[in-house]
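I opened this entry to keep track of what I looked up, one item at a time.

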Amino acid sequence: MRAVRDVVDTVTVWSAAVVAGLTLTIPLKSAWMADRPLQVDLMIFDVPRATAAGSFAAVIAVAVTVTLGHPAGRIGALIATVVLLVDRLLLHGAGTESLTTLNYLDSIFGGVLLGAIGAVGWRRYRTAAAYLFGGLLGAELGDLAESPIDRSGMSPTELVMLQAPSVLAVAAVGALLVAAIVTHRHDVDSVNSPLGLIPSGPLLAAVIVIPGVLLTSEWLVRSGDRSPVVVAATGLVVLAAVAAALVLPGREGIPLLLAVAFSAAGSALVLVPRPDWALPVPIGCLALGLYAGHRRPSPGWAAIALVALGLAGSVGAVIEPRSFVMPLLGCAAATFAVGYAFASAAPVYPTSIVVALAVLVVPSAGMAMRGRYFGRLAYSPYWYRSSGVAQHWTAGVVAAAVAAGCGLGVVLVDRRRAARSAGHRAAPALASAHPPRDLIAIFWQIVGGGRNAIGFRPRTEGFGHESAAVTAGFHDG
């Protein structure tokens, strides 16, 4: 019975995370672009803010779930799934004026599903791995979706992707959640948080970083042709990411910084056009990246790889590839990098991983620099990536700058938390330290692979300063 329950839990967490990721990254109804084009256009214009609303909903859902307990989380995830199912069923007969409203509901309850199932799945190693793989897979497949306008008609792969998650997939997740609730009906797990208090740190971090990413991206769309605006927006988004990371306990903010870095760098890459048979490539590379990050974790190397991705976006825009080889290589590199980054910085608390995943889907500076040529925060006028939209090298440079700033933020967070854990004896030494020289030394220590550099410490230490019992409880369930 326990083995059956473990299988049900793993499959449920993975499938729910995939559906949540797809819901947050693929706009509702945009697959039928020829149907009611004006209404679809207005809906796509509001997609970035709908996605941000869904990201907030994810953070609120995980914070509430860790307070009320896992049974409440499963019930909340089931309610969110039912709303998503009803939303899709209402879509076929909905009027043109309600399309944007339905898309907001879709994003918000997709976020609730992502947050609630994250709190449920993150307590055990197997289900935590399934959640991370599923959430990243859904978000990345949605981000890699190609506009059907580039071709005469949609291929079978595009029909599946642009309508994902389908009604059938959402219904299947609902059935799995019902089965999980039934199999855990005798569990004793009422309240997880001391005194029933909702954790405020993740909520404050989300309030800082989500508007920081979204508003600077919208600013770049409007005024990204002016150098002072580009510099100021880049600095502000990095500042927001670092401030939000410092709000979280211990080193729990490192995955948030890497998520902001990848969101910018991955958006600047040229990843279309791709053949239909290439769909297994991102799935396999994501799994390989997660495995590599688990076996050889290094947030420092992950940050460097993300800077390289941003610069690769500039090179790809200049080269203008005429075949699928470069987009396919870029797709493989991007999915491997995001898997490696998240697995390298896997936090202890579920609230931290949900904040990072929520930020990952918010439209970033890389997307903004691409969208400013047609005046919209999107990859193309139809939201999806399109080979028909002109690319420019500045998007990659801005993305690389954001990734580099977040990489320095990773160093600062790690250094500050390590110093704090050293006790009062370290305070005088830190007060007399020279910050620029110290940062350079840390950077070369990361590159050189020193054992005290971030990411090269033993796996059992974890990223927070929690006790060994807490860390062991996370890994062993």
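Predicted model: local features only at pLDDT ≥ 70, side-chain atom pairs only at ≥ 80, totals over all residues.

Helix pair. I looked up how α6 (residues 125-144) and α12 (residues 280-295) pack: their axes come within 10 Å and cross at roughly 140 degrees. Angles over 145 degrees would count as roughly antiparallel, and α6 and α12 are therefore oblique to each other. I recorded the crossing of α6 and α12 as right-handed. On the α6 side I listed Y125, L132, F133, L136, L137, L141 and L144 as making the contact. The α12 side contributes P282, I283, L286, A287, L290 and H294. By class, the residues of this contact are twelve nonpolar, one polar and no charged.

Core. I then turned to the largest nonpolar core, which has 121 residues. The residues with the most contacts inside this core are L113, Y131, L136, V209, L258, V260 and F342. Helix α11 (residues 254-268) gives the most to the core, with eleven residues. I picked out L258 and listed what it touches: P299, A302, A303, L306, A341, A345 and V410, leaving aside residues up to four places away in sequence.

Backbone. I found a cis peptide bond from V272 to P273, with omega near 5 degrees. P273 sits in the loop between α11 and α12. I also noted W383, which has a positive phi of about 80 degrees although it is not a glycine. W383 lies in the loop between α16 (365-371) and α17 (393-421). Is W383 buried or exposed? At 6% relative accessibility, W383 counts as buried, the cut-off being under 20%.

Notes:
Residues numbered from 1 in each chain as written. Heavy atoms only, no water. Axes fitted to C-alpha atoms, helices over the stretch in contact; angles between N-to-C directions. Helix = DSSP H or I, 4+ residues; strand = E, 2+ residues; numbered from the N terminus. Parallel < 35°, antiparallel > 145°, perpendicular 65-115°, else oblique. Left-handed = near helix turned anticlockwise from the far one by under 90°. Contact = heavy atoms within 4.5 Å. Nonpolar A, V, L, I, M, F, W, Y, C, P; charged D, E, K, R; others polar. Core = buried A, V, L, I, M, F, W, Y, C linked by side-chain atoms within 4.5 Å. Buried < 20%, exposed > 50% of the residue type's maximum accessible area, 1.4 Å probe, protein only.
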